[in-house]
Amino acid sequence: MKKSVKNQVNPSKWGEATRLVRGGLERSHHGETAEALYLNSGFVYDDAETAEDRFSGEAEGYVYARYGNPTVTMFEERLRLLEGAEACYATASGMAAVWGALACQTEAGDHIVASKALFGSCYQILTAILPKFGITSTLVDGNDLDAWRAAIRPETKVFFLETPSNPGLQVFDIAAVADIAKANGICVVVDNIFATPIVQKTLPLGADVIVYSGTKHMDGQGRVLGGAVVSTVEFKDEKLKPFLRHTGPSLSPFNAWVLVKGMETLKLRVGAQCESALNIASALEGTQGVASVTYPWLDSHPQADLCRRQMTAGGTMVTFELAGGKQAAFDMLRRLEIIDISNNLGDAKSLITHPATTTHRNIGQEARDAMGVTDGMVRLSVGLEDAEDLIGDLTGALRSS
Ligand SMILES: *Cc1c(COP(=O)(O)O)cnc(C)c1O
């Protein structure tokens, strides 16, 4: 085949950066340099026989964008190759990925065990939405392996965990949790959104299914929503695809195109953001008014050894606790001159949020206490600005208090 049309000879052998720039690229007969945006919902067939064969699955090819689209496929392939996985399925958002990964493999009477350090909407799915369909959950301390074991019932189908967790940046031992799951025939679903596929490879640690929000680092520039589920071919074809293609949370081709271009710079951006995040976390430790700093690459992190075993860098998020509680946090946020107040994360622009009154507001005080989301906690998503400017902004805002 001509190189200008298709140049994917053995992409799984490529290094990570090459996979991120070229993985999944499928050029049209025009030979365009960049990935094409196929902004179409439907497809046409030369004859009725072709349509019949495509619908029956006998012939390869697209039928409808809710089922698949060439630009969406390029994004799926790029992420699949990055993870070294068998399959990847794109979704409209990270929550559509979480929902799809959990709901597609459970039915009334089934049970899920999850680490209680959860993103707010994941908590809602487990504690309010799935129970409506007769699927219950037990939430455990993710670091307590005995608690994972003790929570298992005959009807337990899934272990779900997020590490590092939002917003507390707790880190859980994926390999140890996966060992328990494997011994009991349970599927391990990991929310790897905070870590990113650059910083944490969860498949070698024993994850069966990985969920992503493309909205965060993959776009990384605050433009679109998107998500993806990474899995085996069997999981995708037998469970996920039938569930998602009929319920409809498909990734839009335009959003897929933004994400596929974002992937090209993912490694560079995340690398730079991790470097700044470590500098900022170190600078904040010992700054007056800061009671504690949580960052996976600091020696003070409660699971510092595990972080270094499981991750290749500390990630792009820094969480810290102000001695003066909510008032001090609000005062600091008001005084910031560069960093924006926003609940999004993974962006080129540094963003800061007060979880207790925003992302983790709806879960209630009791659940916040259980997760360690205190009134003095602030969560910083480190962007691509100069680290010195960010440190100056933070320390300046703290000093005026
Ligand atoms: C943002 C986020 C999600 C949800 O992703 P969306 O794209 O906003 O739907 C799920 N889990 C974690 C840890 C997140 O940070």
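Predicted model: local features only at pLDDT ≥ 70, side-chain atom pairs only at ≥ 80, totals over all residues.
Me: What makes D146 and R149 a salt bridge?
Reply: The criterion is a side-chain nitrogen of Lys or Arg within 4 Å of a carboxyl oxygen of Asp or Glu. The closest N and O atoms of D146 and R149 are 2.6 Å apart, so the pair meets the criterion.

Me: Why is D146 called exposed, whereas R149 is called partly exposed?
Reply: Exposed requires a relative accessible area over 50%, and buried one under 20%. D146 has 53% and is therefore exposed. R149 has 43%, which places R149 in between, so R149 is partly exposed.

Me: How do you know that D208 forms a salt bridge with K182?
Reply: Their closest N and O atoms are 3.7 Å apart, and the limit is 4 Å, so the pair qualifies.

Me: Which parts does the pair of D208 and K182 tie together?
Reply: D208 lies in the loop between α8 (196-199) and β6 (209-213), and K182 in helix α7 (residues 174-183), so the parts joined are 26 residues apart in sequence.

Me: Why is K261 called partly exposed?
Reply: The relative accessible area of K261 is 26%. Buried would need a value under 20% and exposed one over 50%, so partly exposed is the term that applies.

Me: Which residues are linked with K261 in a network of salt bridges?
Reply: The network links K261 with E35, R78 and E264. K261 and E264 meet at 3.0 Å, N to O.

Notes. Residues numbered from 1 in each chain as written. Heavy atoms only, no water. Buried < 20%, exposed > 50% of the residue type's maximum accessible area, 1.4 Å probe, protein only. Helix = DSSP H or I, 4+ residues; strand = E, 2+ residues; numbered from the N terminus.
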